[in-house]
Amino acid sequence: MILLADFGNTRVKAAVLENGCLRHVDDMTKVDVDGGMWCSVHPLDAKVEEWMTQHGMKRLTAQTPIPIQNAYSTPGSLGMDRLAAAVGAWAMQPGHDLLVIDSGTAITYDFVSSQGVYQGGNIAPGIELRFKSLHEHTGALPLVEAKGNVPMLGNDTVTAIRSGVLNGIKYEIEGYIRNLEYLYPSLLVFLTGGDAENFDIKAKSLTFAVPDLVLRGLARIVEYNEKGF
């Protein structure tokens, strides 16, 4: 089986590719692996990396051939999860201007033009980072969790923080979409990441909520390297 693995800051996602479909797995070591691809936002444990190498898996790097053009000025510093997600979105909707929003430990915004050129994007703190920053860098603000009431305006300190963080991110996302829609009227937006479910985004172009977009991108890159197209 072809194994795909995405090692994020706080989560690890893995899936096998069977007959063109992804099937998520909880324990990679129990899969009969026959090659695949992985990406990581941080250095992996040496034994984990050795296991994947022994099973024919390849790491996605800036040198790996991909089915879109990478116009990032410092490709070696680009997070490969961001690039894989961009490829995943392009595989689903080729020929369109695409905005990929990945809400995890960080929130990333990545743009692929209708010509298939990854042009870059932005990185912002995610939900937990914002909550922790308010708590750790102030003298009195409590550490708040995302779950709970989110009024337009908080009526106590907890709801003020929760609403400030969650509504702030929502308006941030909608602002990116609105500005890019002005420049690219046919823009399509993909929302992914573990924290994406916290946001009810109102935008005409927000068409695709794809939790496994990075894994889909890795699958497409494997296919591209095997077939050459």
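Leaving aside its neighbours within four places in sequence, which residues is Arg-82 in contact with? Keep in mind as you look that this is a predicted model. The partners are Tyr-72, Thr-108, Tyr-109, Asp-110, Tyr-118, Gly-120, Gly-121, Asn-122 and Ile-123. Arg-82 itself sits in helix α2, and one of those partners is tied to the arginine by a polar contact: the side chains of Arg-82 and Tyr-118 are joined at 3.2 Å. Is this arginine buried or exposed? With a relative accessibility of 7%, Arg-82 counts as buried, because the cut-off for buried is under 20%.

Let's go to the sheet next. Five strands make up an open sheet in the order β3-β2-β1-β4-β5, and the pairing is mixed. The edges are taken by β3 (21-24) and β5 (57-59); each has a single partner strand, so one side of each is left without a neighbour in the sheet. On average, neighbouring strands here are turned by 25° against each other, if you ignore direction. At the β5 end, β4 (residues 36-40) pairs with β5 in the parallel sense over 3 bridges. If you want a spot to look at, take Gly-36, whose bridge partner in β5 is Met-57. Helix α1 (residues 46-54) then lies across β1 (2-7), β4 and β5, and runs at about 125° to β5.

The largest nonpolar core has 32 residues, and the members that touch the most others are Leu-60, Phe-190 and Leu-218. At least two residues each come from β1, β4, α2 (80-92), β7 (98-103), β10 (188-192) and α5 (213-227). Zoom in on Phe-190 and, leaving aside neighbours within four places in sequence, you find it in contact with Ala-89, Met-92, Gln-93, Leu-98, Leu-99, Val-100, Ile-101, Phe-208, Val-210 and Leu-213.

There is also a second, separate core of 22 residues, with Val-144, Ile-161, Ile-173 and Ile-177 among them. Val-144 makes a handy way in. Its place is in the loop between α3 and α4, and with a relative accessible area of 5% Val-144 is buried. Not counting residues up to four places away in sequence, Val-144 touches Phe-131, Val-158, Ile-161 and Arg-162. Val-144 and Thr-159 are 15 residues apart in sequence, and their C-alpha atoms are 8.6 Å apart in space.

Leu-134, in helix α3 (residues 127-136), is another residue in contact with Ile-161; apart from neighbours within four places in sequence, its other contacts are Leu-141 and Val-165. At 33% relative accessibility, though, Leu-134 counts as partly exposed.

That leaves α4 itself. The N-terminal end of α4 is capped by Asp-156, with a side-chain oxygen 3.2 Å from the backbone nitrogen of Val-158. For a sense of distance, pick Leu-134 again and pair it with Tyr-182: they are 48 residues apart along the chain, and their C-alpha atoms are separated by 33 Å.

Conventions: Residues numbered from 1 in each chain as written. Predicted model: local features only at pLDDT ≥ 70, side-chain atom pairs only at ≥ 80, totals over all residues. Heavy atoms only, no water. Polar contact = N/O pair within 3.5 Å; in protein donor to acceptor, adjacent residues only side chain to side chain. Helix = DSSP H or I, 4+ residues; strand = E, 2+ residues; numbered from the N terminus. Pairing = 2+ DSSP bridges. Axes fitted to C-alpha atoms, helices over the stretch in contact; angles between N-to-C directions. Contact = heavy atoms within 4.5 Å. Core = buried A, V, L, I, M, F, W, Y, C linked by side-chain atoms within 4.5 Å. Buried < 20%, exposed > 50% of the residue type's maximum accessible area, 1.4 Å probe, protein only.
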